[in-house]
Amino acid sequence: MKVMIIYSRFERYWHWSHVAAVILLIITGFEIHGLFSFMGFETAVLVHDISAWSLILLVAASIIWHIYTGEWKQYIPTRENLGAMLKYYMVGIFKNEPHPVKKTAVLKLNPLQKLVYLGLKILVFPVQIATGLLYYFHNELSLWGFPVTLESIAFIHTAFTYLIVLFTIIHVYLITTGHTVFSNLKAMITGYGEVDE
Amino acid sequence: MPRLYIKHLLLLTVFVLPGLLSCGIDEKDIAEKKWMEREDSLNIIRKYKDYNRNKFFQVPETTINIIDSEEDRRLPVSKELFSSADFYDIKFSELDHREETEKRFFSCENCHSGDSEVQGLDDFYIPGRDTNDTLRRIGFWLIAFSLVSVFIHGGIRIIFFVKRKKS
């Protein structure tokens, strides 16, 4: 094991600003949807709009960064060790068995992470951004004859929000499954982490 | 003679012309006319006719109340107009929630909440008022299931960790 930089400054900035934006979007989104009353509808809409536009800018910046640095290759899915990873999380982790996938500076993600993050990047976030924009501009689009109702857009937007909440819960939990309970969290804060040589 | 001519023209304009014009109006126009007799309603229509996006929020708060009263519910025109394209524009484009809010006489929650004052008009969607119960239930159970799973998994890890420490 050796300690080295795993996450660059941009990756950490990108990750934590994503966290802030997504949390704000989930809370305010559910308030707009009428699940609870916390900061008032008007403030919720304002915060939701600002967070959403910030996230769109952030996503645009991260796409450029991923292409420029070649980091997009981290998300190429593979079936290699996929079964081993599932088995590890269901059995091996309890017996303190070694992680089936060696983490290196080049290979940061295990096969399960690759699949989930790829799904987020090519399905969940694009659908959320697209339906969010359709929601935001629905009044104008309706005047141009846009046929889809606001209710349908809101339905898809909310349904995918539940998927993001589901991801967030599992993601936060899996942070604790590193070499130590806080090693993954520490790596995402400082950038330094233990990798297999 | 010229004076008489002007007088007749005025009479024609004031009394006869509106009568002639009214010959062609359909039921909706009559209903709209009834609706416009109400001062508040007239305000909205006037605002709509020559609207100014930034000043729209000067519409009095009775905008909401007039469509919520029992009397208005009985009048088909209210509902018809409310869900018509024109009124839709007013309610959802003009009050599209991105405008200046300082002069607003009513809060968002008047419409966008579970206690929305827009009751009995269910043929369109209002965020905050209308939620899909099936989706809400699925979402709730999805979140509950994931939380329970995480706690169970974490709990088993702790149990095994303690056992390993002891042994």
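# Notebook: a predicted two-chain model

**Entry 1. A loop residue in chain A.** I began at A:Val148, which sits in the loop joining helix H5 (138-143) to H6 of chain A. I note at the outset that the model is predicted.

**Entry 2. H4 against H6 in chain A.** I next took helix H4 (residues 111-136) of chain A, which packs on H6(A) at an angle of about 145 degrees, the axes being 9 Å apart. The crossing of this pair, H4(A) and H6(A), is left-handed. On the H4(A) side I listed the contact residues, among them A:Val116, A:Leu120, A:Val127 and A:Leu134. On the H6(A) side the partners include A:Leu150, A:Ile153, A:Phe160 and A:Phe167. By class, the residues of this contact between H4(A) and H6(A) comprise 15 nonpolar, six polar and no charged.

**Entry 3. H1 against H6 in chain A.** I turned to helix H1 (residues 9-33) of chain A, which packs with helix H6 (residues 150-174) at an angle of about 135 degrees and with axes 11 Å apart. That angle makes H1(A) oblique to H6(A). I recorded the crossing of H1(A) and H6(A) as left-handed. Which residues of H1(A) meet H6(A)? They are A:His15, A:Val22, A:Ile26, A:Phe30 and A:His33. Their partners in H6(A) include A:Thr158, A:Tyr162, A:Val165 and A:Thr168. The residues of this contact between H1(A) and H6(A) divide into six nonpolar, six polar and no charged.

**Entry 4. A histidine of chain B.** I then moved to B:His153, which lies in helix H8 (residues 133-166) of chain B. Is this residue buried or exposed? B:His153 has a relative accessible area of 17%, under the 20% cut-off, and is therefore buried. I looked up its contacts and found A:Tyr89, A:Ile93, A:Phe94 and A:Tyr173 of chain A.

- Chain A holds seven helices and two strands, in the order β-α-α-α-α-α-α-α-β from the N terminus.
- The C-alpha atoms of chain A fill a box of roughly 60 × 35 × 30 Å along the principal axes.
- Of the 197 residues in chain A, 40% are buried.
- Chain A has an accessible surface of about 11100 Å², with 71% of it from carbon and sulfur atoms.
- Chain B has eight helices and zero strands.
- In chain B, 32% of the 167 residues are buried.
- Chain B exposes about 11100 Å², and carbon and sulfur atoms supply 61% of that area.

Terms used: Residues numbered from 1 in each chain as written. Chains lettered and ligands numbered in written order. Predicted model: local features only at pLDDT ≥ 70, side-chain atom pairs only at ≥ 80, totals over all residues. Heavy atoms only, no water. Axes fitted to C-alpha atoms, helices over the stretch in contact; angles between N-to-C directions. Helix = DSSP H or I, 4+ residues; strand = E, 2+ residues; numbered from the N terminus. Parallel < 35°, antiparallel > 145°, perpendicular 65-115°, else oblique. Left-handed = near helix turned anticlockwise from the far one by under 90°. Contact = heavy atoms within 4.5 Å. Nonpolar A, V, L, I, M, F, W, Y, C, P; charged D, E, K, R; others polar. Buried < 20%, exposed > 50% of the residue type's maximum accessible area, 1.4 Å probe, protein only. Areas by Shrake-Rupley, 256 points an atom, 1.4 Å probe, with all protein chains shown as cover. Lists of a residue's contacts leave out its neighbours within four places in sequence.
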